[in-house]
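Here is a friendly tour of one protein model. Please keep the viewer open as you read.

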Amino acid sequence: MSAQPRGLPALLDRLARAFGPQQWWPAESAFEVLVGAVLTQNTAWRNVETAIARLRARDWLSPSAIVNAPVDELRECLRPSGYYNVKTQRLRAACETWLALGGEAGIDAMPTTTARAELLAVRGLGPESVDDVLLYGFHRPVFVVDAYTRRIFSRVGVVPASIGYDDLQAAFEAELPRDATRFNEAHALIVSVGKDYCRPRLPRCSACPLQPACDHGRSQLDGT
């Protein structure tokens with residue numbers, strides 16, 4: 001068998017050929033990306049959509065509306081997203097910071113490193129959530145790393161399973177053109193293969209588009 005290209009760009013090209021354009025994020029504004037990033041923690045996206053629909057139905061899909069909403073009623077809106085008591089606190093804190101920074105216009109005027117530091121200071125907003133907002137809401141060339149990213153590329157054999165967020169992000173940003181559209185598509189493709197093929201248990205290695213470049217997949221198919 002001939003050697004397969006194993007650099008990150010080549011692996012992502014495989015996914016692009018398999019899945020086609022993804023055109024993420026499913027949101028209407030940068031602020032909605034923030035809401036989605038907070039609510040999607042530890043839940044499926046369909047549950048987030050239900051919660052966002054509830055906010056929209058009450059005309060509460062704005063930072064000032066969320067900050068001023070009765071807490072009990074806000075919790076009920078967020079209930080479908082799970083962990084709604086914690087997420088209510090986190091979303092209100094994120095909205096307060098959003099307003100303090102001057103809203104979308106204020107954040108958009110900041111350098112990426114400054115905006116990232118300000119948002120990371122919000123309790124409950126980790127690097128993945130903040131980078132979601134920067135990439136999908138503000139079109140900044142920041143690569144989003146998630147559990148799919150670490151699992152897929154450690155199984156392929158190009159990064160160690162123990163690699164940290166910053167190091168994994170740096171690896172992608174070093175090998176790909178620093179372009180928000182490219183980062184957007186790459187992350188969406190990674191989610192597609194992680195969700196449908198490279199599962200934590202019972203991965204579908206035989207049908208995975210990363211075959212035969214994946215160490216884990218080859219071992220599974222070879223029975224080793």
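## Confidence

This is a predicted model, with an average pLDDT of 92 and 96% of the residues scoring at least 70. Among the elements, helix α4 (residues 63–68) has the highest mean pLDDT, 98, while helix α13 (residues 215–222) has the lowest, 86.

Over residues 1–5 the pLDDT falls below 50, and this stretch has seven contacts in the model beyond near neighbours in sequence. Where pLDDT is low, predicted coordinates should not be read in detail.

## The nonpolar core

The largest nonpolar core holds 66 residues, and Phe 153 and Phe 172 touch the most other members. Helix α2 (residues 30–39) gives the most to this core, namely eight residues.

Leaving out residues up to four places away in sequence, Phe 153 touches Leu 8, Leu 11, Leu 12, Val 158, Val 159, Phe 172 and Ile 190.

## A buried glutamine

Gln 169 sits in helix α11 (residues 165–175). Its relative accessible area is 9%, so Gln 169 counts as buried, the cut-off being under 20%. Beyond neighbours within four places in sequence, Gln 169 is in contact with Arg 116, Asp 131, Val 142, Phe 143 and Val 145.

## The cavity

The model has one cavity of 30 Å³ or more, and the largest cavity has a volume of about 100 Å³. Of its 14 lining residues, Cys 198, Cys 205, Cys 208, Cys 214 and Gly 217 are the closest to the centre.

The lining of the largest cavity divides into nine nonpolar, three polar and two charged residues. Helix α10 supplies the largest share of this lining, three residues, and the elements that give two or more are α10 (147–156) and α13.

Methods
Residues are numbered from 1 along each chain as its sequence is written. This is a predicted model: local features need pLDDT of at least 70, side-chain atom pairs count only at pLDDT 80 or more; totals for chains, interfaces and linings use all residues. Side-chain values use heavy atoms; hydrogens and water are left out. Helices (H or I, at least four residues) and strands (E, at least two) are DSSP runs, numbered from the N terminus. Buried means under 20% relative accessible area, exposed over 50%, partly exposed in between (1.4 Å probe, protein chains only). Contact means heavy atoms within 4.5 Å. A nonpolar core is a set of buried Ala, Val, Leu, Ile, Met, Phe, Trp, Tyr and Cys residues joined through side-chain atoms within 4.5 Å. pLDDT is the predictor's confidence in each residue, from 0 to 100. On a 1 Å grid over the protein atoms alone, a cavity is a set of points where a 1.4 Å probe fits but cannot get out, and a pocket is an open set with protein on both sides within 12 Å along at least five of seven lines; lining residues have an atom within 4 Å of a point. Grid points are joined across faces, edges and corners, and a volume is the space filled by probe spheres set on the points. Ala, Val, Leu, Ile, Met, Phe, Trp, Tyr, Cys and Pro count as nonpolar, Asp, Glu, Lys and Arg as charged, and the others, Gly among them, as polar.
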